Amino acid sequence: MRRVAAAPRPGWRDTVTSQGLVFPVTPRPDGGEAVYWDESARYELTLAEVEALEAVTEELYGMCLEAARVMAHRFTDTDLRLPDGSMALVRESLERGDDSVYARFDLAYDGVGPAKMLEINGDTPTGLVESAVVQWNWLEDVFPDHDQWNSVHDRLVGWWRERAARWPHGLHFLHSKADDSGEEEMTVAYLRDTAASAGVVTYGHPIEDVGWDSARNLFVDLHDLPVEAAFKLYPWEDMLAEPFGAHLLRHEEANPVRWLEPTWKLMLSTKAILPVLWELYPGHPNLLPAYRDYPSGLSEWVAKPLWGREGDNVVMSTRTHQERRGGSYAGQPLVYQQYTRLPVFDGNHVVLGSWVVGGRSAGCLVRESDGPVTDYFSRVVPHLISDAAMPDAAQVAAWLRE
C-alpha cells in the first residue's frame, strides 16, 4: 500500500458534482472551504493486500453478527441508554432473521501489519456515492487499464434484485431534513437508484413527512400510501427516542414496517460492540482491546461515546498527545479502546473504510485527515490496484488450468 501524488483532472469539481457528489468541498467555520474529494493523490494496493482485506472484512462481519446476538440478550434498554422496549425489538428482529443491506468497517491498515478494526457503522453508513460512483469513474477516466477494489454498485443492485419480489407495493427511501449537508439525501437517492435498477418500485421523501394514521394503525407517506417497507438513513437510537418511535415501541398496536436497516443493526451501531468483540475473541489479530470501564492496564487509549459519530466527544490519551473533542454526545457513557496509531502517508492520517454488502466484502474507501481523529473535515482519496498486483498472462493461464 502506498500513496502517490497526482494531478487532479481539469474540471474535476464539476465532474464529480455531475456524478452525484453534492459536496466536493467541505465548508469551514471561517467561511472557507476544505477539499473533500481529493484526487491530488491516489492510493495503490496490491492484489494480495486486497484479497487479505476482503477475508478480514468478512471474518470481522461474522464476528459482529455473533456479538450482536450476545448483546441482544445481555444488555438492557438502560445499559444502552435506549427507550423502554428497544431491546425487545432487537431480539425480535434477530429471531426473524431480518435482512441487512450494508455496513462499513473503519480499519487502520498500512500494508505491513494486520488491519485493526477501529469500529463498524452498521446502521447508517455514508460514503457510498464516493466509493461506488465517483472513484470508479475516476479510475475509468485516468487509469482505464487498471482495476479497483470496488464491487459496491454491482453488489447493491444484485442484492435488491434477489429480493425485489418481497416488496410488491414498493419500498420507501427516507432521509432526514435535518441534514443540511446533503449527504444523507445524496446517499439515499443513490441507494434508491440501485433498487430501481433492480426492478424495485421506489418512493422517496424525508422521514419527517412520514405520518401516523391512527384509524388504520399504520404509517403513511405524503400521499397517504401505507409505508409497508422502508429504507431509512436515520439512526435507530434517535428514531426510537422520538414521538415517531413510540408507535414502533408499541408495535403490537401497529401494522409492522419492514425496515432496512433492521432494528438489530442497533447492535452494530453502538460502540458497546467493541468490548463485546474483545471478550468473545480475545487476542484476535484484527481487534483492539476494548472495555466498558476505564482500563487501568492501558497506557494509551481512545474513549468513544456509546452512540458517537464523526469523532465528536472522543477523548484520546497517549504518551505524547492528550485530546478531548467537543460535540453533541457529551454525557454519554464511554467505551475505552486501546489506542493504535493511524498510518501516516505524506503527513496524512489514513483510515480505510471497508464495505460489506449482503454480508460480503465489496470494496474500500480511503479517508485522510490532518490529525489522529477522523472527523467532519476528512478527505476521500481514490485508489487502484497497482500493476505489481496485476496477474500476467502466464499466471492467468495457470489459474484457468487449475
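Residues are numbered from 1 along each chain as its sequence is written, and side-chain values use heavy atoms, with hydrogens and water left out. Because the model is predicted, local features need pLDDT of at least 70 and side-chain atom pairs count only at pLDDT 80 or more, while totals for chains, interfaces and linings use all residues.

Arginine 379 belongs to strand β21 (residues 379–381); strands (E, at least two residues) and helices (H or I, at least four) are DSSP runs numbered from the N terminus. Its relative accessibility is 10%, so arginine 379 counts as buried, a class that means under 20% relative accessible area with a 1.4 Å probe and protein chains only. The side chain of arginine 379 makes a polar contact of 3.0 Å with that of asparagine 348; such a contact is a pair of N or O atoms within 3.5 Å, and within protein one must be able to donate a hydrogen and the other to accept it, with residues adjacent in sequence counted only if both atoms are side-chain atoms.

Across the whole structure, a search finds 17 aromatic pairs, defined by ring centres of Phe, Tyr and Trp (its six-membered ring) within 6.5 Å, where planes under 30 degrees apart count as stacked, over 60 as edge-to-face and the rest as tilted. The rings of phenylalanine 219 and phenylalanine 244 are stacked, because their centres lie 4.9 Å apart and their planes are at 25°. Phenylalanine 219 lies in strand β10 (residues 218–220) and phenylalanine 244 in helix α8 (residues 243–249), so the pair ties together parts 25 residues apart in sequence. Both phenylalanine 219 and phenylalanine 244 are buried. Elsewhere, Tyr102, Trp159, Trp160, Trp167, Phe173, Phe231 and Trp355 form one aromatic cluster. The charged end of arginine 104 sits over the ring of tryptophan 355, 5.8 Å from its centre; this requires CZ of Arg or NZ of Lys within 6 Å of the ring centre and within 35 degrees of the ring normal.

On a 1 Å grid over the protein atoms alone, a cavity is a set of points where a 1.4 Å probe fits but cannot get out, and lining residues have an atom within 4 Å of a point. The largest cavity holds about 40 Å³, a volume being the space filled by probe spheres set on points joined across faces, edges and corners. Helix α9 (residues 273–280) gives the largest share of its lining, 3 residues.

Key. Buried < 20%, exposed > 50% of the residue type's maximum accessible area, 1.4 Å probe, protein only. 1 Å grid on protein atoms, 1.4 Å probe; cavity = no way out; pocket = protein on both sides within 12 Å on 5 of 7 lines; lining within 4 Å.
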